[in-house]
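Subject: Structure for your review

Hello,

Please find the structure below, with notes on what was found in it. Comments are welcome whenever you have time to look at it.

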Amino acid sequence: MAGYDPLHATSMPNNLDAFFMPFTANRQFKKAPRMLVGAQDMHYVAADGRKVLDGTAGLWCVNAGHGREPIVKAVQDQVARLDYAPNFQMGHPLPFELAARLTTMMPGDIDHVFFSNSGSEAVDTALKMAIAYHRARGEGHRTRLIGRERGYHGVGFGGISVGGISGNRKQFGALLPGVDHLPHTYDRDRQAFTRGQPEWGAHLADELERLCALHDPSTIAAVIVEPVAGSTGVLVPPRGYLKRLREICTKHGILLIFDEVITGFGRLGKGFATEYFDVIPDMITCAKGITNGTIPMGATFLRKGIYDTFMNGPENMIELFHGYTYSGHPVACAAALATLDVYAEEDLFARSAALHGYWEDAAHSLKDHPHVIDVRNLGLIAAVELAPLAGKPTARAYDAFVKCFERGLLIRYTADIIALSPPLIAGKAHIDEIFGTLGDVLKEAA
Ligand SMILES: Cc1ncc(COP(=O)(O)O)c(C=O)c1O
């Protein structure tokens with residue numbers, strides 16, 4: 001493994017206490033840490049030198065696999081050439097070049113992009129832009145935001161307000177005012193063990209009409225949904241659901257935002273889910289796969305009409321009072337440009353799409369394993385939902401997660417749902433190993 005020094009890898013830090021770990025049971029982890037110290041292609045290297053198959057593309061972000069030479073090189077070169085340059089009233093070439101490239105991946109008239117550093121920031125940018133856009137066109141009364149139950153839109157106050165995962169909301173007070181939620185689209189009785197998109201549930205989009213009737217559409221700025229809900233445990237949209245949401249938003253002048261932080265950059269075998277589902281929103285947020293996870297970056301795409309609306313005032317005035325010190329950071333842009341090259345040169349989205357059928361069959365082969373109450377999948381994503389252990393929710397999935405790691409496989413879990421989303425360079429043997437290892441662990445734990 002290039003640059004990997006197993007001796008160095010085994011030297012563990014003396015103090016695990018100071019780092020307040022994100023979304024982690026800190027005390028439990030620090031008693032029995034699971035450390036990763038290297039990575040190449042489909043594998044991590046654990047601190048004890050073991051190879052660990054990456055069944056989750058890191059956190060749904062390393063779509064081209066780890067340690068890819070052209071990306072590593074681009075980052076190294078860029079940090080040496082121009083480490084940082086401001087994009088407030090100054091510029092450097094890379095974000096312009098990147099924006100022009102990225103917008104060619106977008107459908108319809110989505111032809112502008114705003115850069116940030118994470119999915120959470122991309123979401124907050126989209127929500128702020130939606131409200132500011134309506135205000136700029138004289139509809140300042142459109143301030144209400146609609147999210148969806150079980151939605152995950154990051155951890156900013158905007159994102160958790162429109163998000164619908166109660167655990168992510170309850171610690172943080174009243175959140176943003178003027179937010180409402182659509183119902184989530186999952187019903188196990190009607191959808192369990194569906195391959196791909198469920199037939200049942202498109203009508204749930206009509207709940208937006210109910211919210212329009214309740215609040216009056218003239219108060220609603222935007223609706224935000226994940227085309228496939230990821231972090232809550234993989235909820236695949238029912239057939240026709242997204243198209244129906246689009247129709248209702250158009251009818252009432254409400255902006256539709258697709259949060260493609262997970263689905264962007266090939267996860268469904270297309271550049272973005274908008275293409276996969278053939279539904280064009282008004283804004284798209286992304287992050288993660290934009291740089292193959294190497295350097296933090298988020299992006300918010302918007303339609304021409306939204307951008308043009310902001311360009312109406314005096315030319316010497318800032319059009320949008322929003323931005324981050326690192327919006328369009330040179331090193332992130334270099335990483336993103338190199339990542340796009342890798343995706344294109346290896347035709348990675350189409351290549352992974354050729355394995356979707358194999359992936360689906362492998363996932364559903366776990367159907368009759370102990371405690372499995374649902375398997376669902378789309379693109380190179382799958383979830384295996386387990387019946388919770390009585391009185392100990394999440395214990396069963398956590399146990400499977402630890403046992404898989406011990407056997408050299410990284411999986412992810414949310415509640416009692418195991419989520420899988422390997423790098424798009426995965427081959428059939430990797431897929432066999434992922435579901436084979438998980439299957440063995442489930443059988444042995446029973
Ligand atoms: C759909 C979606 N939106 C937003 C985010 C937040 O991204 P970040 O963790 O980069 O802030 C995530 C992260 O998983 C996500 O899945």
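The model is predicted.

Domains

The chain is split into domain 1 (6-64 + 349-445) and domain 2 (73-345). Taken over C-alpha atoms, the centres of domain 1 and domain 2 are 26 Å apart. Domain 1 puts 32 residues into the contact, and domain 2 puts in 29 residues. On the side of domain 1 that touches domain 2, the elements giving two or more residues are α3 (57-60), α15 (348-353), α16 (356-364), β11 (372-378), β12 and β15. β11 has the largest share of that side, with six residues. By type, the side of domain 1 that touches domain 2 has 18 nonpolar, nine polar and five charged residues.

β11 and β12 run antiparallel and are joined by six bridges. Val375 has Val384 of β12 as its bridge partner. Two residues lie between the strands in the hairpin of β11 and β12, and Gly379 has a positive phi near 55 degrees there.

β12 (residues 381-386) is in turn joined to β15 by four bridges, again with the strands antiparallel. Two of the pairings can be named: Val384 stands opposite Ile418 in β15, and Ala383 has Ala419 of β15 as its bridge partner. Six of the six residues of β12 are buried, so β12 is largely enclosed by the rest of the structure. Ile381, Ala383 and Glu385 point one way from the strand, while Ala382, Val384 and Leu386 point the other way.

Thr414 stands opposite Ile417 in β15. The hairpin of β14 and β15 has two residues between the strands, and Ala415 takes a positive phi near 50 degrees in it.

In β15, Ile417 and Ala419 point one way and Ile418 and Leu420 the other way, and all are buried.

Ile418 lies in strand β15 (residues 417-420). Ile418 counts as buried because 28 C-beta neighbours lie inside 10 Å, where the cut-off is 20 or more. Leaving aside neighbours within four places in sequence, the contacts of Ile418 are Ala383, Val384, Ala397, Ala400, Ile411, Tyr413 and Leu438. The C-alpha atoms of Ile418 and Gly233 are separated by 7.2 Å, although these residues are 185 apart along the chain.

The largest nonpolar core has 124 residues, and Ile418 is one of those with the most contacts inside it, along with Ala130, Ala222, Val223, Ile257, Ala299 and Leu438. Helix α14 (residues 330-345) gives the most to this core, nine residues. At least three residues of this core come from each of domain 1 and domain 2. Not counting residues up to four places away in sequence, Ala299 touches Leu102, Val113, Phe114, Phe115, Ala122, Cys286 and Ile290.

Ligand shell

There are 14 residues around the ligand, and those that come nearest are Ser118, Gly119, Ser120, Gly154 and Val261. Helix α6 (residues 119-136) supplies the largest share of the shell, three residues. The shell divides into five nonpolar, seven polar and two charged residues.

Most residues other than glycine have a negative phi. Trp60 has a positive phi near 60 degrees. Trp60 is placed in helix α3 and is buried, with 24 other C-beta atoms within 10 Å. Leu175 also has a positive phi near 60 degrees. Leu175 lies in the loop between α8 (166-169) and β6 (179-182). With 14 C-beta neighbours inside 10 Å, Leu175 counts as partly exposed.

Regards

Definitions and conventions
Residues are numbered from 1 along each chain as its sequence is written. This is a predicted model: local features need pLDDT of at least 70, side-chain atom pairs count only at pLDDT 80 or more; totals for chains, interfaces and linings use all residues. A residue is buried if 20 or more other C-beta atoms lie within 10 Å of its own, exposed if 12 or fewer, and partly exposed in between; C-beta atoms are placed from the backbone. Two residues are in contact if their C-beta atoms, placed from the backbone, lie within 7 Å. A residue is near a molecule or strand if its C-beta atom, placed from the backbone, lies within 6 Å of it. Ala, Val, Leu, Ile, Met, Phe, Trp, Tyr, Cys and Pro count as nonpolar, Asp, Glu, Lys and Arg as charged, and the others, Gly among them, as polar. Two strands pair if DSSP finds at least two bridges between them. A nonpolar core is a set of buried Ala, Val, Leu, Ile, Met, Phe, Trp, Tyr and Cys residues joined through C-beta atoms within 7 Å. Domain bounds come from an automatic or database domain assignment.
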